[in-house]
Amino acid sequence: MASCSLWIKDLAYSNAIAVTSYPHETGNIGHYQMADGTVGMMSQPPIGGTLSWLIYEKYQEAWFLEEVFDNLLQWNEWWLDYRLNQDYLAWGGWPGADAQIAAWESGLDNAPMYQGQQMLETENAAIHQLADVGLNSLYVSDCQHLAKMADVLGRKTEAQKLRARAKRFAKKVESLWVEEEQAYLNRNLLTQQPDPHLAPPLFYPLIAKIPSPARAQAFLKAHYHNEEEFSGEFMLPSCAYNDPLYDNIYWQGAIWPPLNFLVYLGLREYDPKVAGELAQHSYDLFLEAWQKHNYVFENINSAKGVADPEDQLMTDPFYHWGALMGVMQFMEAGWYDTNQDRLKP
């Protein structure tokens, strides 16, 4: 959706409409959709409203919002019915699902912060006993952007509800700030203790503009610019370099284009210079992989980069979301300007 909308309007529209048009009967946009109409019971990160608004910002065609809004709103409300734990959102699955199912719903399959989690059984789901910074932050952003859509469509009641919902969960995200760590940290809801594992989703509060500028800069200084955690020649590792489980295998340290892209969206709100640097780092890796190997990697070795394909561990050499490593730099160059139907010369 994001990469197509740079210059192929019809493909961006068709992708967004296809993804949102066939929700599961419970209301979520499923983690998969089959040709026979089967839709997965698990969801995926709630970024539909945010990305759909980016498409609308570029082309300014309200009919597109009419097409996607109601199903996106239904999905937004689904989270409250199926994934609420102590008034925080948590990843989950169907009744009886185990913790790995919930981790798969996050998209970060073997991420250190989701290993060893316990589950809460509710009437209609099983969910992590973990208040998740990334999930709750993406949900706030989803509410904010759906409210903007509602404004365009004249849906005043929905806009009001969505803004109230955004404020409610922004407060929950703020409650996950740990002053002594200068960080938003996931919280174990059984022990009420912060989870020690650091990963890029902890920067997602920036996407929803939740922290104050001072808090955001303190957070970035303590962690984003920390060479023991995320700063380095190749960015961003999918868990901190100094995490005991860091091994560059899949979500245990490899660079993942969707994480870079989402963190970039947050950095743009607080530090455009740093956002531009991440865009350049990402583009350099993307271009090197393509020019040397004709590959667009699913994920990238965060210690060695892309110089040698043999260094890549558990990665598809040609994967659709690998293009996000280049998209950020195109956005920096102004190729995402509003109402531009083709690339700037």
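The model is predicted: local features need pLDDT of at least 70, side-chain atom pairs count only at pLDDT 80 or more, and totals for chains, interfaces and linings use all residues. Residues are numbered from 1 along each chain as its sequence is written, and side-chain values use heavy atoms, without hydrogens and water.

**Overall fold**
- The protein chain has 10 helices and 9 strands, taken as DSSP runs (helices H or I, at least four residues; strands E, at least two) numbered from the N terminus.
- Its radius of gyration (over C-alpha atoms) is 19 Å, close to the 20 Å from the globule rule for 345 residues, so the chain is as compact as a globular protein of that length. That rule is 2.2 Å times the number of residues to the power 0.38.
- The C-alpha trace spans about 55 × 50 × 45 Å along its principal axes.
- Of the 345 residues, 56% are buried (under 20% relative accessible area; exposed is over 50%, partly exposed in between; 1.4 Å probe, protein chains only).

**Buried arginine**
- R165 sits in helix 6 (residues 156-174).
- R165 is buried but has no salt bridge (a side-chain nitrogen of Lys or Arg within 4 Å of a carboxyl oxygen of Asp or Glu).
- The nearest side chain of opposite charge to R165 is E77, 4.1 Å away; Lys and Arg count as positive, Asp and Glu as negative, with His and the chain ends not counted.
- Beyond neighbours within four places in sequence, R165 contacts N76, E77, L80, Y139 and C143 (heavy atoms within 4.5 Å).

- I8 lies in the segment before helix 1 (9-20).
- I8 counts as partly exposed because its relative accessibility is 35%.
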